[in-house]
Amino acid sequence: MIEDVVAWVLLVAVAAYACAGGTDYGAGFWDLVAGGTERGKRPRWLIDHAMEPVWETNNVWLIFVLVIMWTGFPVLFQTVFSAMWLPLALAAVGLVLRGAGFALRKPTRRLARRRVYGAVFAVSSLLTPFFLGAAVGGIATGRVAPGTQASADAWSNGTSVIAGLLTVAATAFLGAVFLTADARRFDAPDLVGYFRLRAWCTLVVLAVLAIVGLAVTHDDAPYVHDGLTGGVGLVLVLIAVVSALATAWLLSRVATGWARVTAIGSVALVVVAWGLAQRPYLIPTSLTVSQAAGASTTLRWLMLVTVIAVVLVGPPLVLLYRLDTRGALQPLTEADLRQTAPGREPENP
């Protein structure tokens, strides 16, 4: 049925944002814990140069998620945003402040202002994924249903807190893996070891949080817990674990580029496993895919627009990511601008 196809598109879009946007959030997390001005100078230098070409592009996936959710599943959109308006509003504010902080701190000359903008960027990179994860955890527990009034219990329960912490840890893991590869690309061997160690440590934190999460969701979110510990959901989780371990091994080798692929795979597989664990529900156990779906005509037009968007936007995005990972999108330095064209004499100072 067409609503099932749209639901799959929504799940894939969520996984794409979790990986692309999550990498940027993770870079902001490491910016936050990098230390003082002198101690954190080198890591922050790498974070700025690595994020600059693509950080705005990654938010395209969030817009795509919201459009599909609003148009394809209006009941789901109304239910979630009515019952969880506070954490989602905080996440939205954090998203705006994060972008503003990152954009303004680099051109700012005064050190005090740069610190303020940097702090806004870093703290927002922590809070935004936490609140988004907390909202997802609240949905998984089934505390949110059509007609549910907004309450703190919907997003501040044990599952929501664990989901928020897991989201932050997953973004930190992705950020550390990507920054390890970027450090090798920028020929900064000291930062290769710096971020590789943090990727390994974050992987341990993720394992601990996952074990705690299994214990918490056993009683608090039994439907999703059963879906993740059996059937296809369990298979995907196990493959994700293997991918994460492969990432840790690849980071110890020269193939840090492949580590990016396995890290993305591990996070994406967990998101897909979570989606499959909820089926046929969008909100366990009160709202199924068919109950939340919009009109059939609307869904058909939505799929047509999605196909057009994939054809028009997909190739440029792939090219952008490919150019970025190859280091072809770095901005010109002052020395580059002073270089003359071939065959011309250099200008006198």
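Author: Before we start, one definition: helices (H or I, at least four residues) and strands (E, at least two) are DSSP runs, numbered from the N terminus. The model we are looking at is predicted.

Reader: Are α1 and α2 roughly parallel or roughly antiparallel?

Author: Helix α1 covers residues 2-32 and helix α2 covers residues 41-51; their axes are 10 Å apart, at an angle of about 160 degrees. Angles over 145 degrees count as roughly antiparallel. The crossing is left-handed. The angle therefore makes α1 and α2 roughly antiparallel.

Reader: How many charged residues does the contact of α1 with α2 have?

Author: From α1 come Asp24, Ala27, Trp30, Asp31 and Leu32, and they meet Arg44, Ile47 and Met51 of α2. Sorting this contact by class gives five nonpolar residues and no polar ones, and the number of charged residues is three.

Reader: How many nonpolar residues does the contact of α1 with α3 have?

Author: Helix α3 spans residues 60-72, and its axis comes within 8 Å of that of α1, crossing at roughly 155 degrees. These two helices are therefore roughly antiparallel, in a left-handed crossing. Among the residues that touch are Val6, Leu10 and Tyr17 of α1, with Trp61, Phe64 and Ile68 of α3. By class, no polar and no charged residues take part, and the nonpolar count is 14.

Reader: Is the crossing of α1 and α11 left-handed or right-handed?

Author: Here the axes come within 9 Å and cross at roughly 145 degrees. Residues that meet include Trp8, Leu11 and Cys19 in α1, and Ile264, Trp274 and Gly275 in α11. The class counts are 13 nonpolar, one polar and no charged residues. As for the hand of the α1 and α11 crossing, the answer is right-handed.

Reader: What is the distance, centre to centre, between the rings of Phe77 and Phe81?

Author: The model's count of aromatic pairs is ten, and Phe77 and Phe81 form an aromatic pair. Both residues lie in helix α4 (residues 74-83), four residues apart, about one turn of the helix. Planes under 30 degrees apart count as stacked.

Reader: In which loop is Pro280 found?

Author: Most peptide bonds are trans. The bond from Arg279 to Pro280, however, is cis, with omega near 0 degrees. Helix α11 runs over 256-278 and strand β1 over 281-283, and Pro280 is in the loop between α11 and β1.

Reader: What is omega for the peptide bond that joins Pro284 and Thr285?

Author: Thr285 sits in the loop between β1 and β2, where β2 is 287-288. The bond that joins Pro284 and Thr285 is cis, and its omega is about -10 degrees.

Reader: What is the phi of Asp187?

Author: Most residues other than glycine have a negative phi. Asp187 lies in the loop between α7 (158-185) and α8 (189-220). Its phi is positive, although the residue is not glycine, with a value near 55 degrees.

Terms used. Residues are numbered from 1 along each chain as its sequence is written. This is a predicted model: local features need pLDDT of at least 70, side-chain atom pairs count only at pLDDT 80 or more; totals for chains, interfaces and linings use all residues. Side-chain values use heavy atoms; hydrogens and water are left out. Axes are lines fitted to C-alpha atoms, for helices over the stretch in contact, and angles run from 0 to 180 degrees between N-to-C directions. Angles under 35 degrees count as roughly parallel, over 145 as roughly antiparallel, 65 to 115 as roughly perpendicular and the rest as oblique. A crossing is left-handed if the near helix is turned anticlockwise from the far one by less than a right angle, and right-handed if clockwise. Contact means heavy atoms within 4.5 Å. Ala, Val, Leu, Ile, Met, Phe, Trp, Tyr, Cys and Pro count as nonpolar, Asp, Glu, Lys and Arg as charged, and the others, Gly among them, as polar. Rings of Phe, Tyr and Trp (its six-membered ring) pair if their centres lie within 6.5 Å; planes under 30 degrees apart count as stacked, over 60 as edge-to-face and the rest as tilted.
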